[in-house]
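Please read it alongside the sequence and the model.

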Amino acid sequence: MERIVTSVTTTLRAIVKRPEAPEESEDRTNVSELDRTRRTVRIAMGILAVVVVLGLLVVSFGPLLWLFKAALSTSQDILKYPFEWWPSGIQWQNLPDAWSQIRIGQYLLNTVWMAAGCWFFGLLVALTGGYGIAILRPKYAKAVNVAVLATLFIPGVVSLISLYVTVLDVPLIGVNLVNTFWAVWLPTAANAFNVLLVARFFDRLPRDVFEAAKIDGAGVFRVFWSIVLPMSRPVVGVVSLLTIVGSWKEFLWPLLVLPSPDLQPLSVGLYRISDTAPTSLLMAGMFISVIIPIGLFLLFQRQFLRSAGQAGAIKG
Amino acid sequence: MTATAPPFVVDAAVDDSGTAASRPAPPRRRRRSPLAATAAWLRNGGVPTFLMFVPLLLTFGYFAWWPILKSLILAFQHTDLMTEPTWVGLRNFERVLADPLLWTAAGNTVWFAALALLIGFPLPILMAMVMAELRRSRQISSVLVYLPVIIPPVVSVLLWKQFYDPSESGLFNTVLGWFGLGPVGWLQDPVLAMPSIVIQATWATAGTATIIYLAALMSIQAELYDAAEVDGASVLQRTWHVTLPQLRSVILLMLLLQIIGTMQVFTDPFVMTGGGPENRTVTLLMLIYNYAFLSGDFGKATALSLLLAVVLSVVSAVYLRLTRKWSES
């Protein structure tokens, strides 16, 4: 086990580290500048660029554009004319109808509330844990670190059922968290990848700063609040994006622990009504539910793409 | 005064205050009374340090570590969460293995994983290699490639379910109609249902892998390409002798992660087909879900979880061992 952990962590580290490499300075890829001076190569590269961008527009953006069209169509138009723009006119009414009639507004609010809690508790655990493991380093830090990393290598399927049983009756406290947002917030906060990410970031911070602060009499909390937190903006950004988008995509777990429709997030709500709701309203609801994640993505595309390389490797 | 001691080193104060420095420093640790050790621990901020670990220890303790142990208990018990659980030994495992649907689900899951590898594994590598060569359009392609990943899986599945509408006016059937083909019952056809799900799943996830490969490609040292070029290697030869070997460790890891991920597939078939037609898209995780939440048999469900986890762990261990040998050679 130990050896597997080390061998995988070295590879993971290689991936995590990569974005910090001086990526902008050297832009030499397979095709060289010399190649690019040749006319045939330049024409080929131009064609390639057009083909790639157009192809991606159709494949990646096309379905979203279609969703936009469908969100403003009548059910009849959606089912009968998939490639025509609003033959029966644009149905703006779909959006408010979906909002109230199939309760998309309620689901959206639940999703925001769920994501906010996941964000807060995820950050709390990752930042305090990362601080303890990478900066405070008491004797037991190593053991904690290994125990946290070990959860990365145990397939998630092992604990699905037992996690549900745990949430039904939390040991020692004896509370039932089902049908409360705590049932989503707390388990998602136990995210080893976030802890790993923060700990690796803290590892690279200059230690003399903390030692100087300690000599000046700053306690553990003071150092955390006044020195570590202000320095950790980049990693806070990455973990925030990951936890918010991650909780927005969550489906199976909220389906299990939030059986009450009053608490369900968009993903579960949309699934539950997908067979009964009118197609036009369902499409409008789906459209509403992708606006926020896509907006966040377009706003923070560079941060997203940079953290994707780091996070995707685990979430797979 | 402890202020001059190196901070955060719990033992420092005690070690310096003793007579250790006057002796020729034996490598053995000095014995301290537990009381003195506790006092030193308190003096060096042991309590606030420990408090910093509390959020992590509580959440991981309750929701990561304990459930793993709990699985090992549940799998050997009969429990429906209503009555008192009873120990049943290996009965849960026997009942799982005797379920004819298990082999259907295992076959389907392996089929899903195999199709996902076939369709979804080489694509991101190829895509990233092409995107790495683009200059001005690299950022826009990256954004487009990653766009589907941002969409919540349920929305993506429901959208594609609409595309797979079996009627003549369904989106994909309309396209087929342009070529005089179809209509096809994509999700209703026992043979086509699984590939249809895999195509949707690939659409929804391939962006992540592409971005990871792209990051790896951009960090390949320029000197390697320069040297190959000076030696007269063509672009294709450079791809074979420089790019792929440099990507090898990332490719090997991604392959393993994809296998582990696809073997635990749930949302896509669950929302798309619910396991039909004729159980052709029931996966192992859906079977676990059914045992626990439809039949209320939590012991049986946990037993199957453990079996799947053991298989995945063995596969990973063997895979890592094999690939490490290749990497070393």
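## Buried helices at the chain boundary

In helix 8 of chain B, the buried residues are Pro153(B), Val154(B), Val155(B), Ser156(B), Val157(B), Leu158(B), Leu159(B), Trp160(B) and Gln162(B). A residue is termed buried if 20 or more other C-beta atoms lie within 10 Å of its own, exposed if 12 or fewer, and partly exposed in between, with C-beta atoms placed from the backbone. Helix 8 (residues 153-163) of chain B is thus mostly covered, with nine of its eleven residues buried. Helices (H or I, at least four residues) and strands (E, at least two) are DSSP runs numbered from the N terminus.

The model is predicted: local features need pLDDT of at least 70, side-chain atom pairs count only at pLDDT 80 or more, and totals for chains, interfaces and linings use all residues. Residues are numbered from 1 along each chain as its sequence is written, while chains are lettered from A and ligands numbered from 1 in the order in which they are written.

Helix 8 of chain B also takes part in covering the buried residues of helix 15 of chain A, together with helix 6 (104-136), helix 14 (252-257) and helix 16 (279-299) of chain A. The buried residues of helix 15 (residues 266-273) of chain A are Leu266(A), Ser267(A), Val268(A), Gly269(A) and Leu270(A). Leu270(A) is in turn one of the contacts of Met286(A), which, leaving aside neighbours within four places in sequence, also meets Leu67(A), Val155(B), Leu158(B) and Leu159(B). Two residues are in contact if their C-beta atoms, placed from the backbone, lie within 7 Å.

## Core and interface

Met286(A) is among the residues with the most contacts inside the largest nonpolar core, alongside Val198(A), Tyr146(B), Ile288(B) and Leu304(B); this core has 165 residues. Helix 10 of chain B gives the most to this core, with 17 residues. A nonpolar core is a set of buried Ala, Val, Leu, Ile, Met, Phe, Trp, Tyr and Cys residues joined through C-beta atoms within 7 Å.

Between the chains, 95 residues of chain A are in contact with 93 residues of chain B. On the side of chain A that touches chain B, helix 3 (residues 39-71) of chain A gives the most, with eleven residues. That side of chain A has 63 nonpolar, 22 polar and ten charged residues. Here Ala, Val, Leu, Ile, Met, Phe, Trp, Tyr, Cys and Pro count as nonpolar, Asp, Glu, Lys and Arg as charged, and the others, Gly among them, as polar.

## Packing against helix 12 of chain B

Helix 5 (residues 100-120) of chain B packs with helix 12 (residues 235-262) of chain B at an angle of about 145°, their axes 9 Å apart. Axes are lines fitted to C-alpha atoms, for helices over the stretch in contact, and angles run from 0 to 180 degrees between N-to-C directions. The crossing of these two helices is right-handed; a crossing is right-handed if the near helix is turned clockwise from the far one by less than a right angle, and left-handed if anticlockwise. Phe112(B), Ala113(B), Ala116(B) and Leu117(B) of helix 5 meet Gln258(B), Ile259(B) and Thr262(B) of helix 12, a contact with five nonpolar, two polar and no charged residues.

Helix 10 (residues 193-218) of chain B also packs with helix 12 of chain B, the axes coming within 10 Å and crossing at roughly 145°, in a right-handed crossing. Ala209(B), Ile212(B), Tyr213(B), Ala216(B) and Leu217(B) of helix 10 make the contact with Thr243(B), Leu247(B), Val250(B) and Met254(B) of helix 12. These residues divide into eight nonpolar, one polar and no charged.

## Chain A and Val31(A)

Chain A has 17 helices and zero strands, and buried residues make up 43% of its 316 residues. Of the contacts in chain A with a separation of 6 or more, 74% are between residues 24 or more positions apart.

Val31(A) lies in the loop between helix 1 (2-17) and helix 2 (33-37) of chain A. Val31(A) is classed as buried because 20 other C-beta atoms lie within 10 Å. Beyond four places in sequence, Val31(A) is in contact with Arg36(A), Val41(A), Glu133(B) and Val235(B).

## Confidence

The predictor gives the complex an ipTM of 0.87 and a pTM of 0.86. The pLDDT, the predictor's confidence in each residue from 0 to 100, averages 87 in chain A, where 90% of the residues score at least 70. Chain B likewise averages 87, with 90% of the residues at 70 or above.

In chain A, mean confidence is lowest in helix 1, at 50, and highest in helix 9 (residues 182-189), at 96. The pLDDT stays under 50 over residues 14-25 of chain A and over residues 1-23 of chain B. Where pLDDT is low, the predicted coordinates should not be read in detail.
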